[in-house]
Amino acid sequence: MTDTQATDSPAEARGPVRLVDLIIPLLTTVAWLAILFAVSLAAMLMHGRIASDVTAFVAGLSRNFDAAQLFMASIYGAMLIGVWLAARRRGPATVPGYFARLPWSTILLAFLSGLLLAGTVIVAISWLGQSGLVTFHMTHKEELLLEARNPSQPALSLFVFAVVAPVVEELYYRGLLLSWLQRGLLMPVAAFVDATVFALVHARFIDHPGPEGWVLTVVVGLVGLLNVGWFVRTRSLWPSVATHAAYNGTLVIITYFAI
């Protein structure tokens, strides 16, 4: 390796991210959903009661904690496969290349920043609710998914939302998407767009109609901005994954204790 190559920034070393690299993970996710739908439909056809079976299947999935969690994990798995396919095959452009080694103190600091953000959000939401400025409601889906019925269920939920989700989402949003945005935008603008897309995709404004949904959407955007900051500063996804995991994990644990 020449001296010039050795001094390239990680973003330059990874090479430009193309639009197709962003689309591939979405296609693998859609393909996986299509496969699940086709298999389910085939099973229903064998019973000859499609309409009633579809209704029962959807209702059963929403009520079955383990099935719903595993379904979400499989969606993230399909997206991860797409990210892997979109990544370069050699050099720092590979998926492991986004996870440059860092001192444990940096990762710990990022983890603590996620805890601090989660605590701040909880206090802010409590204050808004108590003051009557915004009324927050837990959706029926959230109640079902986060209502632990045995000791293994909190662990499963933490694994999905505090391990799988942070890794996959940070690879896509702070890895591929941010790199693609930086090709045509100044870093502050790219950071804002990245966080905005991240927030809107989570669709809190749909799950929670009205002001509460937009407040929660802004909160998700703040998480995205914080993670962009960690990635830009360290050029590694470890801190943003740690922040994301701490934030999600704290909210999941608080929700369990609140129910």
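What pattern does the chain follow when read along the sequence? Along the sequence, the chain follows the pattern α-α-α-α-α-α-α-α-α-α-α-α. This is a predicted model, in which local features need pLDDT of at least 70 and side-chain atom pairs count only at pLDDT 80 or more, while totals for chains, interfaces and linings use all residues. Residues are numbered from 1 along each chain as its sequence is written, and side-chain values use heavy atoms, with hydrogens and water left out.

**View 1. The whole chain has twelve helices and zero strands.** Helices (H or I, at least four residues) and strands (E, at least two) are DSSP runs, numbered from the N terminus. Of the 259 residues of the chain, 39% count as buried, where buried means under 20% relative accessible area, exposed means over 50%, and partly exposed lies in between (1.4 Å probe, protein chains only). The accessible surface comes to about 14200 Å², and 73% of this surface belongs to carbon and sulfur atoms; accessible areas come from the Shrake-Rupley method with a 1.4 Å probe, and for residues only the protein chains shown count as cover. Among contacts with a separation of 6 or more, 77% are made by residues 24 or more positions apart, a contact being heavy atoms within 4.5 Å.

**View 2. Tyr173 and Phe198 form an edge-to-face aromatic pair.** The structure holds four aromatic pairs, for which rings of Phe, Tyr and Trp (its six-membered ring) must have centres within 6.5 Å, with planes under 30 degrees apart counted as stacked, over 60 as edge-to-face and the rest as tilted. In the pair of Tyr173 and Phe198, the rings are 5.1 Å apart centre to centre, with 75° between the planes. This pair links distant parts of the chain, since Tyr173 belongs to helix H8 (residues 152-182) and Phe198 to helix H9 (residues 187-201), 25 residues apart. Tyr173 and Phe198 are both buried, and together with Tyr172 they form one aromatic cluster. Arg174 lies over the face of Phe198, at 4.4 Å from the ring centre; a charge sits over a ring if NZ of Lys or CZ of Arg is within 6 Å of the ring centre and within 35 degrees of the ring normal.

**View 3. Phe205 and Trp214 form a stacked aromatic pair.** The ring centres of Phe205 and Trp214 are 4.7 Å apart, with 5° between the planes. Phe205 counts as partly exposed at 23% relative accessibility, and Trp214 is likewise partly exposed, with a relative accessible area of 48%.

**View 4. Asn227 is a buried residue of helix H11 (residues 211-234).** Asn227 counts as buried because its relative accessible area is 0%. Leaving aside neighbours within four places in sequence, Asn227 is in contact with Glu170, Arg174, Ser240, Thr243 and His244.

**View 5. Ala165 is a buried residue of helix H8.** The relative accessible area of Ala165 is 1%, and Ala165 therefore counts as buried. Ala165 and Ala245 are 80 residues apart in sequence, yet 8.1 Å apart in space, C-alpha to C-alpha. Apart from neighbours within four places in sequence, Ala165 is in contact with Tyr76, Val160, Glu170 and Asn248.
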